[in-house]
Amino acid sequence: MKAEIQTNKIVVLSGSGISAESGIPTFRDANGLWHNYSWEAVASPSGWQAHPEVVLEFYNERRLQAAEAQPNAAHLALAELESAYEVVVITQNVDDLHERAGSSNVIHVHGQLNHARGTSEARRRYRIDAAPIQLGQLCEDGTQLRPDIVWFGEDVEYLEESRRHIATAAKVLVVGTSLTVFPAASLVRAARGRAEKILVALAMDKLPYGFRFMRGKASSIVPFLCQGWLAEHQNRNLYPDSDKHAS
Ligand code: APR
């Protein structure tokens, strides 16, 4: 049995493009991180084994950059949407701009820069905000602390929970992601046929089935969309029977 679609539920799947206008680089656009760094060297278990100091320095810099960045109009509009809808933000981003904008249901499937974790079975996590991680810093189990980031080849987190949210959403908004990294990109397939499905990006090679493509910057298109949805909610309250056919 498919789970019931919840009329008042909006699920957002975001990627680095939503934070681009806050000054945080994306990964694959011109001047993206993977044009300037080798992901094998800085974002893989083998890179960590070979040069942990290089990996720590890469994420220490990114952590500072994210801490200095401010949420933009797109982050703020999604937070404001919670005044009328149940909103769940599933993000591939490791910055905390959604939370700092005021979003209260944020799921990080690729980890968080403002946390560190041990490498023991227990995977102990520690909130570190903008602080650097140094070689020799150990968790309480005596293992070297590492960034709390999901590296290539490692298991993504909260995938089933994220799928369930998308499968019960009346509206699904995908913003600022190239949908090229799996399994996070496969989450769009959980969106229901009856759901309103919109994808916002500057460019999109392969538009997922059933999605409407809105080309442009998140900071202009997302507030516009959210305003429309807030008005729609208000109308639904003012004219509750408006969607019932006149008998
Ligand atoms: N507004 C909206 N979309 C934008 C903007 C903007 N201002 N700037 C860029 N974009 C879009 C681009 O068109 C592109 O589709 O954001 C997307 C960025 O794609 P990627 O660089 O591939 O980033 P992302 O999809 O977040 O990467 C997924 O890959 O490297 C790993 O773990 C990392 O979470 C990341 C994952």
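A: Contact means heavy atoms within 4.5 Å, and helices (H or I, at least four residues) and strands (E, at least two) are DSSP runs, numbered from the N terminus. The model is predicted, so local features need pLDDT of at least 70 and side-chain atom pairs count only at pLDDT 80 or more, whereas totals for chains, interfaces and linings use all residues. Residues are numbered from 1 along each chain as its sequence is written, and side-chain values use heavy atoms, with hydrogens and water left out.

Q: Which elements do the buried residues of α7 pack against?

A: Buried means under 20% relative accessible area, with a 1.4 Å probe and protein chains only. In helix α7 (residues 159-167), L159, S162, H165, I166 and A167 are buried, and the buried residues of this helix pack against β1 (6-14), β2 (86-91), β3 (106-108) and β7 (169-175).

Q: In what order do the 3 strands of the open sheet stand?

A: Two strands pair if DSSP finds at least two bridges between them. Here the order is β5-β4-β6, with antiparallel pairing; because β5 (125-127) and β6 (146-149) stand at the edges with a single partner strand each, one side of each is left without a neighbour in the sheet. Strand β4 (residues 111-117) pairs with β6 over 4 bridges, and A116 stands opposite P147 in β6.

Q: What is the nearest side chain of opposite charge to R62?

A: A salt bridge needs a side-chain nitrogen of Lys or Arg within 4 Å of a carboxyl oxygen of Asp or Glu. R62, which lies in helix α4 (residues 52-68), is buried yet has no salt bridge, the nearest side chain of opposite charge being D95, 7.1 Å away. Leaving aside residues up to four places away in sequence, R62 touches F27, L33, V94 and L113.

Key: Buried means under 20% relative accessible area, exposed over 50%, partly exposed in between (1.4 Å probe, protein chains only). Lys and Arg count as positive and Asp and Glu as negative; His and the chain ends are not counted.
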